[in-house]
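Q: Hi! Could you walk me through this structure?

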Amino acid sequence: MIKRLAVIFVFIVLVSGLVFAPNAAAKAQTNFALVGTEAALDQALASEAVSTIQLTADISVSAEKVVGRTVTLNLSDFTLSRTAVQKEDSVLTLRGGALTVTGGGSGKIVCTDTSGALGAAIKLDAPTEGSSFAPSTLQYYGGTLVGGRYSLLLKAHEGNQAFMYGGTIAGGMDAVRVFGNQNGSSPINTQFTLIEGTVGSLDTWYGLTVMGSGAKAIVQGGQVLAKGFGLAGQGNALG
């Protein structure tokens, strides 16, 4: 009798594994989204269940894509692009988000400028009057950012920060622009840290620029290139 019960128990365990393992795998897959269209990208960004988004094709978007949560974007050697039509239009805009960009190789985020537009490939935004959101964080590991006026723009919002671990941020007039408080002496602390990779190019006027009280750039490694000014800032903003 005991032997028979043991056999039945083992059978139940095996069957349970067959029933629940696929469900666990399916649940894990919901955290990962493969996207090849703007509509699919919008859906993935809107889903709190999705933590990693991977491109499967080049995507040209018609409007900025807002990141307000923690998410990883794997460019997977494809290009995410947009044409800027007004001031500070961007491909990706962080508003209280924590974005990690991977994808190395030939992956790109490209913002093409029209006349007079000050577009950016990635923008860490600041609240306007009547709005509020937490500071944003960008971790950039690879691929290439190519902007209109800016490739990477950090606006004056306390705690906005970006870390570059590889890849290239080039193109536009400014490769990286970090803003602090330009309307007073009280600092608005924002920071860009270059650990590895290349900021700017010999076709870029300004490589890494900080402006305003509280804005800061730290260069720990990598390189900064420009045909105008590689490093430009106010006071002790560059470290």
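Q: Thanks! How many aromatic pairs does the count come to?
A: One aromatic pair; rings of Phe, Tyr and Trp (its six-membered ring) pair if their centres lie within 6.5 Å. This is a predicted model, where local features need pLDDT of at least 70, side-chain atom pairs count only at pLDDT 80 or more, and totals for chains, interfaces and linings use all residues. Residues are numbered from 1 along each chain as its sequence is written, and side-chain values use heavy atoms, with hydrogens and water left out.

Q: Which residues form the pair, and is it stacked or edge-to-face?
A: Tyr141 and Tyr165 are stacked, at 4.6 Å centre to centre with 10° between the planes. Planes under 30 degrees apart count as stacked, over 60 as edge-to-face and the rest as tilted.

Q: What does the pair tie together?
A: Tyr141 is in the loop between strand 11 (137-140) and strand 12 (144-146), and Tyr165 in the loop between strand 14 (161-164) and strand 15 (168-170), so the pair links parts 24 residues apart in sequence. Strands here are DSSP runs (E, at least two residues), numbered from the N terminus.

Q: Nice. Switching topic, what order do the strands of the open sheet have?
A: The eight strands run 1-2-5-8-11-14-17-20, with parallel pairing; two strands pair if DSSP finds at least two bridges between them.

Q: Which strands stand at the edges?
A: Strand 1 (32-35) and strand 20 (215-219), each with a single partner strand, so one side of each has no neighbour in the sheet.

Q: And how many bridges join strand 14 to strand 17?
A: Four, and the two strands run parallel. Gln161 stands opposite Gln191 in strand 17.
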